[in-house]
Amino acid sequence: MTRTRVLIVDDHPHAREAIGDILSEDESFEIIGFAESGEEAVLQTEMWMPDLILLDIHLPGQDGLETTREIKLKFPYVKIVLVTVSDNVAYLFEALKQGAQGYLLKNLEPGIWLEYLRAVASEEAPMTSELAMRILQEFSLQKPNRTAQHPLTNREREILDLVAKGMTNREIAKDLDISDQTVKNHLKNIMHKLHLENRVQLTRYAMEQGWI
């Protein structure tokens, strides 16, 4: 079994320990390091090259948003999940635009954490309805750019529409009567064609182009 190598970033030792305890319940995750600040997170990422970073938003000095931007610029392959006590959609949306894969509230049950992180690790994590609505609101007042050539197939456009609605891979597969793996492969192909990294960026780009 290939384990997901995780870096935990939080300035509170009890929080780092609590997150570590949650991950230790699932053998698919391997904790490779801890960091107390954004600056240290960047150094640890360069040193250990993790697959996934759990990053507290409110860090001293360089905050979670700045840290996300810097890490994704230097290490675009790394998946980042923001950890927060508040579901401030505006702030989280900005971080997701920088390339973060999602976010978790600290008060959620451990089982929900593990289910979500497994989905992130396998590139299947859906957007929340709040984020989907936020994207819709941001671009509803902008004039779509309909001059760009559409590079996607009809099936890929169908999947793109369902992703924008916040549906999971499993829900999309059921809706289109295809396998989960087929959906996953289509999404990889779509993101490769558009040079994007996650579902939020994918939906945002499609709306900018006036495709959905």
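I take buried to mean under 20% relative accessible area, with exposed over 50% and partly exposed in between, using a 1.4 Å probe and protein chains only. Helices (H or I, at least four residues) and strands (E, at least two) are DSSP runs, numbered from the N terminus.

I am working from a predicted model, in which local features need pLDDT of at least 70 and side-chain atom pairs count only at pLDDT 80 or more, while totals for chains, interfaces and linings use all residues. Residues are numbered from 1 along each chain as its sequence is written, and side-chain values use heavy atoms, with hydrogens and water left out.

**Overall**

**Helix α9**

I then turned to α9, which has 15 residues and reaches 21 Å from its first C-alpha to its last, close to the 21 Å expected at 1.5 Å a residue; the expected span is 1.5 Å times one less than the number of residues. Its buried residues are Val183, Lys184, Leu187, Ile190, Met191 and Leu194. Seen down the axis of α9, these fall within an arc of 125°, so they line one face of the helix, the arc being that of the directions from the helix axis to the C-beta atoms. Among the elements that cover them are α7, α8 (169–176) and α10 (199–209). After α9 comes His195, for which I recorded a positive phi, near 60°.

**α7 against α9**

I found that α7 (residues 154–164) and α9 (residues 180–194) pack at an angle of about 95°, with their axes 10 Å apart. That makes α7 roughly perpendicular to α9, a term that covers 65 to 115 degrees. From α7 the contact is made by Arg155, Glu156, Ile159 and Val163, and from α9 by His186, Leu187, Asn189, Ile190 and Lys193.

**Val9**

Lastly I looked up Val9, which lies in strand β1 (residues 4–9) and counts as buried at 1% relative accessibility. Leaving aside residues up to four places away in sequence, I found that Val9 touches Ala35, Ser37, Ala41, Ile53, Leu54, Leu55, Asp56 and Leu59. Val9 and Phe34 are 25 residues apart in sequence, and their C-alpha atoms are 5.8 Å apart in space.

Conventions:
Axes fitted to C-alpha atoms, helices over the stretch in contact; angles between N-to-C directions. Parallel < 35°, antiparallel > 145°, perpendicular 65-115°, else oblique. Contact = heavy atoms within 4.5 Å.
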